[in-house]
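I opened my notebook to record what I looked up, one entry at a time. The structure comes first, and my entries follow.

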Amino acid sequence: MDMEWVLLILRVLAVLILYAFLLLVAYLIWRDIQTVTSDPQGRRNTVGAGEKPIAWLRMVPDADMPSQSETVFVVLPPAMLGRAEDNQIVLRDEWVSAYHARIDNRAGQWWLTDLGSRNGTRLNDALVTETTPLTKGDVIGLGRLKLRFETGDGTAHLDLNTTPK
Amino acid sequence: MGWSVLVSGLPLIFTFVAFVQLSLVEDAQLTPARFMAPALLAVCALAATWLLQRQLPYYDRVLLPLITLLIGWGLAEVARLAPPVFLLRQTLWMVLGSGALLGAALLPQGLRWLERFRYTWLLLGLFLLGMTFFLGVNPSGAGARLWLGAAGFYFQPSELLKLLMIVFLASYLSQRQAALVEVNVQLHRWRIPHPAYVSPLLFMWGFSIVLLLWQRDLGAAVLFFGVFLAMFYAATGQGIYVLASCILLIGAGAVGYHIFDVVALRVDAWLNPWEEASGRSFQIVQALLAFASGGVFGQGLGQGLPGAIPVVHTDFVFAAVGEEYGLIGTLGLVVAFMLLVSRAFRIALSCQRMFERLLAVGIGALFGLQSLVIMAGTLKMIPLTGVTLPFISYGGSSLLVSMTMVGLLLRLSSHAIALQHSRGEKM
């Protein structure tokens, strides 16, 4: 066969391989995005009522710290609370330990655990020593902060607009 | 799974086809020695895939094939455009880079140490860059002395500084994010972030830019600026700063036009290259001619005349692609970079911690900006600034650092998904 024909065939082949590859990658990426948006577990970016147990903590206003009133933290169990940046709920208060407490949901029941924090965790002003059940309206105290625990009972709508930046 | 074999194999076949083309054009002899580079690429890619599958169960499946395509294409271009010893060096750097990629992806310590010692890393990068003032060399003999050399190998510290700067910015911004947004001071009519939080950032970043400008490494300075803006925007969500900074950049460009003759030369060559087509803007004119002669389908690899463009194997490799693969090839290349950047941002979204998110954003922004700046510069859409086309251009330090960044992305992708799965199981 003539060399020019071989080269031409190779050129066409190269372009076909290139585009077959790019289409395949695009397809894999598309499929990946599909599985994320239809993930029944509900990932962090696709929170919706009823998909997954959800609760929130509302900061109880304190006259000494006016800037922190109105703050609402969304709780996606298991949620770590503490001063370190990689907690789900980051509390900027010197009296809060780096990894202070954890909130879990097991079979629909909410639980609060103290993670050996220096200044302790209080539930309705009683010191938490072991994993304790949480109910709607409980006030959790960490350091100088007080947080009211609220859940939506599956039907209530969480108004995310009250969440600060 | 069938798809994953196909997606790993196609880039390797593409590279082999390119080397067959080159051999046939040169003297029609398919000796094994000619296929050392693609064979080593295949070994590295397959070994990396195998190791990642064993160690990182949820790693991103398309990142590695994408960069295999880019690196393989780059090796073919180096074989086409540069003397044989360059291909040997680039292949060695590729092997080293594979080690760095796997190290970044698999080393067990986690990224805390990277995050915690941010000033150390940045100062190390600046120190290496500063050494080029005294010990710097240029491997090609003349021009900006941006390299540190030892035993025949040359390393460009500004490439490493890119990665260290992204680490620094990700660490700083993730810790000060809330303060940057919420603590404001009133300046006349505007609310700006408090100087106490912004000034360390601006100081470290400005110092790097000044060093780079002093060295006349214009391309790196532009990239630092762009990546800084992208990460600052991702961390604070305040578009006004991006707008203000772009206006500042245009202002700085106007000042630079009158102060630095390098800037003036680049802008003049961009506005009107034909005036000095055989003089100062020879390079850009030759690049445009290369694109024109490539047309839609290209001349065919090995059959064009890209050698007419000065330093075509580094900064102007995109013009060589345009001449020999044509519009079809260049579009494919642009799409490949788009997919790479979109993957980086997708990984950023799936990360849980702000440091990891910003790290992925920074790496994605760097790949995107760097490829955009040099591709658009080669096409005379913006003034030319000399940066490498990631993974494709000849350049060991660039390849090594880019592959390290991909290793970090792979680690982040697996970490994020694994975390989500473990959460799912607990519930």
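**Entry: contacts in chain A.** I looked up the contacts in chain A with a separation of 6 or more, and residues 24 or more positions apart account for 38% of them. I note here that the model is predicted.

**Entry: make-up of chain A.** I found 1 helix and 11 strands in chain A. Reading along the sequence, I wrote the pattern down as α-β-β-β-β-β-β-β-β-β-β-β.

**Entry: burial and surface.** Chain A has 165 residues, and 42% of them are buried. I put its accessible surface at about 9300 Å². Carbon and sulfur atoms hold 56% of that surface.

**Entry: A:Arg144 and A:Asp93.** The side chains of these two residues form a salt bridge, with N and O 3.1 Å apart. Where do A:Arg144 and A:Asp93 lie in chain A? I placed A:Arg144 in the loop between strand E10 (139-142) and strand E11 (145-151). A:Asp93 is in the loop between strand E4 (89-90) and strand E5 (101-106). The pair therefore ties together parts that are 51 residues apart in sequence. I also checked accessibility: A:Arg144 has 40% and counts as partly exposed, whereas A:Asp93 has 1% and is buried.

**Entry: A:Arg102 and A:Asp104.** I found a salt bridge here too, and its closest N and O atoms are 3.0 Å apart. Is A:Asp104 buried or exposed? Its relative accessibility is 8%, so A:Asp104 counts as buried, the cut-off being under 20%. A:Arg102, at 26%, counts as partly exposed.

**Entry: B:Lys162 and B:Glu159.** In chain B I looked up the salt bridge between B:Lys162 and B:Glu159, where the closest N and O atoms are 3.0 Å apart. Both residues sit in helix H7 (residues 157-182) of chain B. They are 3 residues apart there, so about one helical turn separates them. I noted B:Lys162 as buried, and B:Glu159 as buried too.

**Entry: a network.** Which residues do they join into one network? I wrote down A:Asp93, A:Glu94 and A:Arg144.

Definitions and conventions. Residues numbered from 1 in each chain as written. Chains lettered and ligands numbered in written order. Predicted model: local features only at pLDDT ≥ 70, side-chain atom pairs only at ≥ 80, totals over all residues. Heavy atoms only, no water. Salt bridge = Lys/Arg side-chain N within 4 Å of Asp/Glu carboxyl O. Helix = DSSP H or I, 4+ residues; strand = E, 2+ residues; numbered from the N terminus. Buried < 20%, exposed > 50% of the residue type's maximum accessible area, 1.4 Å probe, protein only. Contact = heavy atoms within 4.5 Å. Areas by Shrake-Rupley, 256 points an atom, 1.4 Å probe, with all protein chains shown as cover.
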